[in-house]
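Here is a short report on one helix, its rings and its charged pairs. Keep the sequence and the model open while reading.

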Amino acid sequence: MSVRLTTLPNGFRIVTEHMPGLKSASAGIWVTAGGRHERAEQNGIAHFLEHMAFKGTKRRSALQIAEEIEDVGGYINAYTSREMTAYYARVLENDVPLALDVIGDILLNPVFDTREIEVERGVILQEIGQSLDTPDDIIFDWLHEASYPDQPFGRTILGPEERVSSFTSEDLRRFVSEHYGPDQMILAAAGAVDHDAIVAQATEQFGGMTRLNQSALARADFTGGERREVKTLEQAHFALSFAAPAYRDPDVYAAQVYAMAMGGGMSSRLFQKIREERGLCYTIFAQAGAYEDTGQMTIYSGTSAADLGDLTGLTIDELKRAAEDMTDAEVNRARAQMKAGMLMGLENPSSRCERIARLLAIWGHVPAVEDAVERIDAVSTADVREYGAKLLTSPAALALYGQVGKAPDLDAIRQRLAA
């Protein structure tokens, strides 16, 4: 498999990975504009814009956008994250030009019809309501806000209802003009793709765009804090986070191996100690998330209000113990799980496409898969223990939801970590 990269004179990047033997491909455009690029009064607009992309262009109606892709058996979708917005499609080999034409059309020629804005506003408000009614979903937004209070990076991606209720077509156009420049875009494609043909099409579609002078990104600063929402629910939801390494931090692989060993599967410490031995929960996991200039180590579980104190105490004790006695066997297992998950995931073009887009955005080039494998293999047991020790003194944040009035607070957790 080979990765090829071409950059147009205006900064627009095209990266492809040909996968022999496939008859399908995944292709899309990743824009380095997400929730953290919004000003306070824009909170939620990146996600609103993603929804509006499918509501009609100067060349196609909303129905035509869907029909043209589905008429050839493909699918088209999009998502918004804190650092990116992606528009992508999965189609058969001969339909890649169609997919790119449709995606280019929705990015370059949106109409932002007033009626469609009102329809989609209702859809997004329903999405916000659904999130608020899903405890093990909304708690992660609250945890993020507590981790990065009063910062663009800490705000919810969906945005508050009052903001979403007021966005206009002019607001959408302004965000596009500020953030949707050719040098903020990456066209990625993987599978049965022809790099030269895609470059030719991209040059015709995007080559005439003018670079934007983007303002500097506000740095994310994990300061920590607590949010507690008391409500009568069947479960008490517990989410704890610590400051963790950013993408380019040398410790990022040690953090990921640590998270896998602590809560990445059925054999992990937290799962075994808290669910299997004590029966205190159904779900418990740990994960390490990395971003441009920050990261989060997150632990989540749902339990009964009566058991929340025990679950919290056991979680902290396991974190402390791991810094001292994490074993070679645990680290070896975590490394194997990480490598297998990564390599198995890359057997389909959608995962490959996303990988090359994200890595290009982070590094300016696409490192080989073997490079990631080597970096995972290079993490030693001593590295994981050392990272675990650092974690104990890192800034922390806590989110609680449900019958959590008597749950330990963040100060109590910090005291137990330090004891």
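## Helix 4: length and faces

The expected span of a helix is 1.5 Å times one less than its number of residues. The model here is predicted. Helix 4 covers residues 114–132, 19 residues in total. From first C-alpha to last, helix 4 reaches 27 Å, close to the 27 Å expected. At its start, a side-chain oxygen of D113 comes to within 3.1 Å of the backbone nitrogen of R115.

Which residues of helix 4 are buried? They are E116, I117, E120, R121, I124, I128 and S131. Viewed down the axis, the buried residues of helix 4 fall within an arc of 140°, so they line one face. An α-helix has 3.6 residues a turn, so residues three or four places apart point the same way. The cover over the buried residues of helix 4 includes helix 1 (45–52), helix 5 (135–147), helix 6 (161–164) and helix 7 (169–179). The face turned away from the buried side carries the exposed residues R115, Q126 and Q130.

## Aromatic pairs

The whole structure holds 13 aromatic pairs. One of them joins Y148 and F153: the ring centres are 4.8 Å apart and the planes stand at 85°, so this pair is edge-to-face. Y148 and F153 are both buried. F153 has a relative accessibility of 2%.

F153 also pairs edge-to-face with Y291, at 4.9 Å centre to centre and 80° between the planes. F153 sits in the loop between helix 5 and helix 6, while Y291 sits in the loop between strand 9 (284–290) and strand 10 (295–303), so the pair ties together parts 138 residues apart in sequence. Y148, F153, F222 and Y291 form one aromatic cluster.

## Salt bridges

There are 34 salt bridges in the structure. R4 and D196 form one of them, at 3.1 Å from N to O. R4 belongs to strand 1 (residues 2–7) and D196 to helix 8 (residues 195–206), so this pair ties together parts 192 residues apart in sequence. R4 is partly exposed at 40% relative accessibility, and D196 is partly exposed at 48%.

R82 and D141 meet in a salt bridge at 3.7 Å, N to O. R82 lies in the loop between strand 4 (75–80) and strand 5 (85–92) and D141 in helix 5, so the parts tied together are 59 residues apart in sequence. Buried or exposed, R82 and D141? R82 is buried, and so is D141.

R275 and E276 also form a salt bridge, at 3.1 Å from N to O. Elsewhere, salt bridges that share partners join R59, R60, E68, D101 and D105 into one network.

Definitions and conventions: Residues are numbered from 1 along each chain as its sequence is written. This is a predicted model: local features need pLDDT of at least 70, side-chain atom pairs count only at pLDDT 80 or more; totals for chains, interfaces and linings use all residues. Side-chain values use heavy atoms; hydrogens and water are left out. Helices (H or I, at least four residues) and strands (E, at least two) are DSSP runs, numbered from the N terminus. Buried means under 20% relative accessible area, exposed over 50%, partly exposed in between (1.4 Å probe, protein chains only). The arc is that of the directions from the helix axis to the C-beta atoms. Contact means heavy atoms within 4.5 Å. A polar contact is a pair of N or O atoms within 3.5 Å; within protein, one must be able to donate a hydrogen and the other to accept it, and residues adjacent in sequence count only if both atoms are side-chain atoms. Rings of Phe, Tyr and Trp (its six-membered ring) pair if their centres lie within 6.5 Å; planes under 30 degrees apart count as stacked, over 60 as edge-to-face and the rest as tilted. A salt bridge is a side-chain nitrogen of Lys or Arg within 4 Å of a carboxyl oxygen of Asp or Glu.
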